[in-house]
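User: I would like to go through this model with you, one region at a time. Could we begin once it is displayed?

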Amino acid sequence: MKNGVQSQDLLSVQDMHGPAQRELVPPHLEHGVLIGTGTAPSHHGELLQGVFEDDGVLHRGLVTLPCSLFASNAVVRLSPWQPELTVTPAWKTKALGAVRTTLEVLGLSDYGGELELRSDVAVGRGLGSSTSDVTAAIFAVLSAVGRTLSPERIARIAVAAEAATDPLVYSDRMVLFAHREGLVIEDFHRPVPPLTVVGFSTTETEIDTLALPRARYNAWEIECFRALRGLMRRAVARGDHRELGRIATASARINQRFLPVPRFDRVLEIAEETEALGVQVAHSGTVAALLFAPHQPGVEQRTALAARRLAELRITDHWRYTAGSDSHVPYAHQS
């Protein structure tokens with residue numbers, strides 16, 4: 001035990017800008033104030049979401065589709081002489097709660113200070129805006145005090161802060177993640193195979209994720225999730241883009257019973273016309289996507305055709321990026 005933290009918690013955590021850092025970074029001091037920064041990306045909804053069995057117990061779980069387009073950035077200033085913690089913007093209380101909990105876990109609950117968040121992750125779209133804020137805030141605290149926590153502990157802190165969280169801390173690999181428990185149901189031990197994502201907004205309406213009723217899956221759907229989990233394991237191991245597309249489409253079809261995508265049948269027709277791998281949706285949001293293999297011949301022409309077909313449905317808010325890559329080409333910037 002060291003400063004109230006068990007030794008197993010002093011493990012490396014994935015740095016969002018590169019490989020995990022195993023050496024403790026000295027805290028940055030300015031006039032006696034500890035200053036730290038943290039960054040966390042968004043995600044683009046889920047490739048798969050449902051309920052999955054683990055040791056005879058059913059868990060709600062998901063596999064997220066990473067997204068490098070948007071991110072939250074946090075700066076924290078900590079001092080034992082500050083009487084309280086504050087956050088800017090003031091409404092981002094989930095991230096503030098995560099800072100408090102992180103300090104308690106580290107044995108530094110007597111520290112106060114300021115948390116400042118800047119984010120371009122749209123709220124209520126299924127892009128994980130609150131998880132990006134929370135994760136960035138936790139990273140900022142760890143940066144400020146020169147400490148590390150295991151991804152498992154960070155995930156539990158995030159769940160405590162926002163009731164359900166996404167596995168952004170596992171940015172180096174795909175996991176089947178129990179988002180309301182903060183635990184990994186299955187680790188696939190590989191990053192997502194590169195996918196070209198043509199994302200779009202299905203509606204302009206924002207959704208309060210936590211206010212949505214939890215999906216009540218029937219026995220047939222639960223058996224489908226069992227099969228889809230096995231297919232996901234195989235697809236990730238083989239880097240099988242086409243299989244991933246089929247899995248995403250199957251999960252999106254099941255989700256139509258709970259949070260339907262408008263004109264979903266037409267979106268499926270566009271996927272077939274453009275030879276997309278499949279259709280992917282945010283299961284508790286308003287974003288969706290057509291998935292393509294990035295190195296397949298003719299992908300530029302097919303994604304451009306997909307954009308035109310979406311525009312015919314008056315879906316003009318769309319974008320493109322490569323999952324597993326920092327590169328992206330917003331359609332608004334294309335010639």
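User: Which exposed residues sit on the face of α6 turned away from its buried side?
Analyst: That face carries Asp-265 and Glu-272; exposed means over 50% relative accessible area, buried under 20%, and partly exposed in between (1.4 Å probe, protein chains only). Helices (H or I, at least four residues) and strands (E, at least two) are DSSP runs numbered from the N terminus. This is a predicted model, in which local features need pLDDT of at least 70 and side-chain atom pairs pLDDT 80 or more, while totals for chains, interfaces and linings use all residues. Residues are numbered from 1 along each chain as its sequence is written, and side-chain values use heavy atoms, without hydrogens and water.

User: And which residues of α6 are buried?
Analyst: In α6 (residues 264-273), these are Phe-264, Val-267, Leu-268, Ile-270 and Ala-271. They lie on the same side of α6 because they cover an arc of only 155 degrees around the axis, taken from the directions from the helix axis to the C-beta atoms.

User: What covers them?
Analyst: The cover includes β8, α5, β9, β10 and α7.

User: Changing topic: is Thr-131 buried or exposed?
Analyst: Thr-131, in helix α2 (residues 129-145), counts as buried because its relative accessibility is 1%.

User: Which side chain does the Thr-131 side chain make a polar contact with?
Analyst: That of Thr-165, at 3.4 Å. A polar contact is a pair of N or O atoms within 3.5 Å; within protein, one must be able to donate a hydrogen and the other to accept it, and residues adjacent in sequence count only if both atoms are side-chain atoms.

Conventions. Contact = heavy atoms within 4.5 Å.
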